[in-house]
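Dear colleague,

I am passing the structure below on to you, and my notes on it follow. Please read them with the coordinates open.

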Amino acid sequence: MGTAPIAGRVTTAAEGDVVIFLIGMRINRWRSVRHWLPTFTAMPRMLKELAREEGSGLLGYRGYTAGLRTHTFVQYWESREKLLAYASAPEQQHRPAWAAFNRRARSAAGSVGIWHETYIVPAGSYEAIYHAMPPTGLGEAHGVEPVGRRGERAAERLAS
């Protein structure tokens, strides 16, 4: 992740469809550490695994918190096929972590909540602008290019 702002106005260099995956958790019962801590530590391990593996399909991600209880990751993927392949691969971190979560959930009585949403955004249905910002969001995942290449106005960029 770059930290230096890019001078001027740029837009994402993404081509075609983009895949955005949101995943998060909420700690519902602080005292049930044995139920929420494995969930809390699983996502960073998966992200490290994906970052190490060339061709995994993960283009970038950013973590966010909403207070101490709620943690969310926004992930950008190369394709839905690569996202689904990772989710179902028995030799990768996700599948065993998901099975372990389900085993713990039976006795956890709602101590930890999880959620995810997947968006396949068709070409021409997304738009981005960054002004004096370091690479962020789609621009970080797909790279950036001068705004003029896609249009000076949001309506122009959405039409391209």
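Ser56 is buried, at 9% relative accessible area (buried means under 20%, exposed over 50% and partly exposed in between, with a 1.4 Å probe and protein chains only). The residue sits in the loop between α1 and β3 (58-66), where the side chain of Ser56 reaches the backbone oxygen of Leu50 at 3.0 Å. Apart from neighbours within four places in sequence, Ser56 is in contact with Leu50, Trp77 and Lys82, contact meaning heavy atoms within 4.5 Å.

This is a predicted model, in which local features need pLDDT of at least 70 and side-chain atom pairs count only at pLDDT 80 or more, while totals for chains, interfaces and linings use all residues. Residues are numbered from 1 along each chain as its sequence is written, and side-chain values use heavy atoms, with hydrogens and water left out.

Helix α1 (residues 33-52) packs with helix α3 (residues 94-108) at an angle of about 165°, their axes being 10 Å apart, and that makes α1 roughly antiparallel to α3 (angles over 145 degrees count as such). The contact involves Arg34, His35, Pro38, Thr39, Ala42 and Met46 of α1, together with His94, Ala97, Phe101, Arg104, Ser107 and Ala108 of α3.

Two loop residues deserve a look as well. Ala109, in the loop between α3 and β5 (112-121), has a positive phi of about 50° although it is not a glycine, and at 56% relative accessibility Ala109 is exposed. Ala132, in the loop between β6 (130-131) and α4 (137-142), likewise has a positive phi, near 55°, and is partly exposed at 41%.

Best wishes

Key. Axes fitted to C-alpha atoms, helices over the stretch in contact; angles between N-to-C directions. Helix = DSSP H or I, 4+ residues; strand = E, 2+ residues; numbered from the N terminus. Parallel < 35°, antiparallel > 145°, perpendicular 65-115°, else oblique. Polar contact = N/O pair within 3.5 Å; in protein donor to acceptor, adjacent residues only side chain to side chain.
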